[in-house]
Every structure is written in structure tokens, then in C-alpha cells.
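This report covers one protein chain.

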Amino acid sequence: MRLALFLAALSVAGPATAASFDCTAASSPDEVAICADPHLSALDVLVDRAYGEARKGYGGAPDAEDRAHALDDARDFNARKRRCGADLGCLTAAHVGALEDFGVYGSSVRVPAWIAATAMTPSVPAETRRLPAREGDCARTRVTDVGGRLEGDADFSSGTRVGFANGGAQVSYDRVPAIVASRRGDPVLMCLTSIPKHCPPRDDRGRSYTSTNLRTRGSWSLADSQHRCGGA
């Protein structure tokens, strides 16, 4: 299931905002697609604003290391956009993931509410059994469990873990409020935003997903494992 289908089903258009770059000079497939779609254009402006806030420093306190991390995330985001080409679903997932990434470094820009609204249309099946397989793929699923990263951790002091009905999971060393606020059975829109490259055979750890709880409207972007592929 592609997120582009959700966007096509949305009856009310998002903000008619120009992209963060000069669309008259757009040449690559991803740039042309962003400029042609009002939803992507609006998201692109939000990502640019989020990056600007993140560069000012974590939590409003400028720090060279945090600014460097934000710059690395920006480079990763640009690379993901290029790989998406003109795929609207892939581009949307990349932008949503970038908003969550920059939020870690102090950005106050949040994922717009209409992202979740696109997944609530009657034409979208209630649940998809399989995990998203390609960057930009999305699936509807449900929360099966929420808890601390380590077994027996009731107050999330070790981090956060969430499991889904399609067999997926996400984990963080931090306490993630949007996950903590989730409950078993909550419907979720789950988009695959990045796949690690050059992994050992049969080691697919470290895939990153952006998930949106369709009850609370909270979003988070996390990997499916504590370690990337090839790690301990």
C-alpha cells in the first residue's frame, strides 16, 4: 500500500504552500514531484523550518555537536529524497521521518494532522498484514504491546519498545511520549523510511519506520532494533 494512495483519497487539500526551494529551477525527479504536489510542497517547507530550528541547538541551547548531527540528518534526508525519485509515497515518508529526526535536536515543528487524516479515509483497508517492504511503503496495523526497552521495565527508564500486529517493532533508548501514550489495539499508520545498506546476509536489522498513532495523532520515527545490521 503506497502513501500516495492515501494522499489521492484526501478530499481537502493541504496548505497551498510553495516548496522550500526555487521550483522554477527544479530539475531532478524528486524536486519536480515536490513542486507539483501541494502536500509535498507544504511538507518540504516544514522540513526546512524544522532543520533551521534544529541547527540553532538542542532545546534552544546551541551546541556544535547537535548542530553537526542535524546536518548529518539533513544530508541523509536529501539522499533519501533523491532515491525516491518521483514516488509520492516515498517522498512523503521521507519528509515525515525528517520532521521527527529534527525534533530530536530541538525543532518544534510537528507532523501535520492531515498526514494521519489521509489514512482514515474509508477507501483504506483497516489493516495490512505485512510489514512495509520498500522505502516509502506504508501499512495500516495495530499496536500489540507497549513497554520499556528492557523486560520488566514498567516506568520506561531503560527506553521504549512498541510492537505491532504485522510483526514489526520499534525500539528506543529514550522514553518516547507518543509511544507511552499508545495503547494495545490502537490503529497505526507505519511507513518504512530507510533500509540499511551493505548488510550481512539474512541480517535486516536497523530498518527505520515513521509511525503515526491514528487515535492520539502522535508520531515517532525509530528503528526496529537497538543495533543496525552487522552490529552486536
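## Ser 225 and its contacts

Leaving aside neighbours within four places in sequence, which residues is Ser 225 in contact with? They are Val 171, Arg 205 and Gly 206. Contact means heavy atoms within 4.5 Å. Ser 225 sits in the segment after strand 6 (219-223). Ser 225 is buried, at a relative accessible area of 16%. Buried means under 20% relative accessible area, exposed over 50%, and partly exposed in between (1.4 Å probe, protein chains only).

## Basis of the values

The model is predicted: local features need pLDDT of at least 70, side-chain atom pairs count only at pLDDT 80 or more, and totals for chains, interfaces and linings use all residues. Residues are numbered from 1 along each chain as its sequence is written, and side-chain values use heavy atoms, with hydrogens and water left out.

## Overall fold

The chain has seven helices and six strands. These are DSSP runs, numbered from the N terminus: helices are H or I with at least four residues, strands are E with at least two. From the N terminus on, the order is α-α-α-α-α-α-β-β-β-α-β-β-β.

The chain has 232 residues, and 50% of them count as buried. Take the contacts with a separation of 6 or more: residues 24 or more positions apart account for 61% of them.

## Nonpolar cores

The largest nonpolar core has 16 residues. Such a core is a set of buried Ala, Val, Leu, Ile, Met, Phe, Trp, Tyr and Cys residues joined through side-chain atoms within 4.5 Å. Val 47, Leu 99 and Phe 102 have the most contacts inside this core. The elements giving two or more residues to it are helix 3 (38-55), helix 4 (64-84) and helix 5 (88-104).

What does Leu 99 touch, not counting residues up to four places away in sequence? The list includes Leu 43, Leu 46, Val 47 and Ala 50. Val 109, Arg 110, Val 111 and Pro 112 are also on it.

## Salt bridges

Side chains of opposite charge can pair when their charged atoms come close. The structure holds five salt bridges. Each is a side-chain nitrogen of Lys or Arg within 4 Å of a carboxyl oxygen of Asp or Glu.

Arg 82 and Asp 30 meet at 2.6 Å, N to O. Arg 82 lies in helix 4 and Asp 30 in helix 2 (residues 29-36), so the pair ties together parts 52 residues apart in sequence. Arg 82 is partly exposed, with a relative accessible area of 47%. Asp 30 is buried, at 1%. Glu 31 also forms a salt bridge with Arg 82, the closest N and O atoms being 3.7 Å apart. This pair links helix 2 and helix 4, with its residues 51 apart. Glu 31 counts as buried at 17% relative accessibility. Asp 30, Glu 31 and Arg 82 are linked in a network of salt bridges.

Lys 81 and Asp 44 meet in a salt bridge at 3.8 Å, N to O. Lys 81 is in helix 4 and Asp 44 in helix 3, 37 residues apart. Lys 81 is buried, with a relative accessible area of 8%. Asp 44 is buried at 3%.
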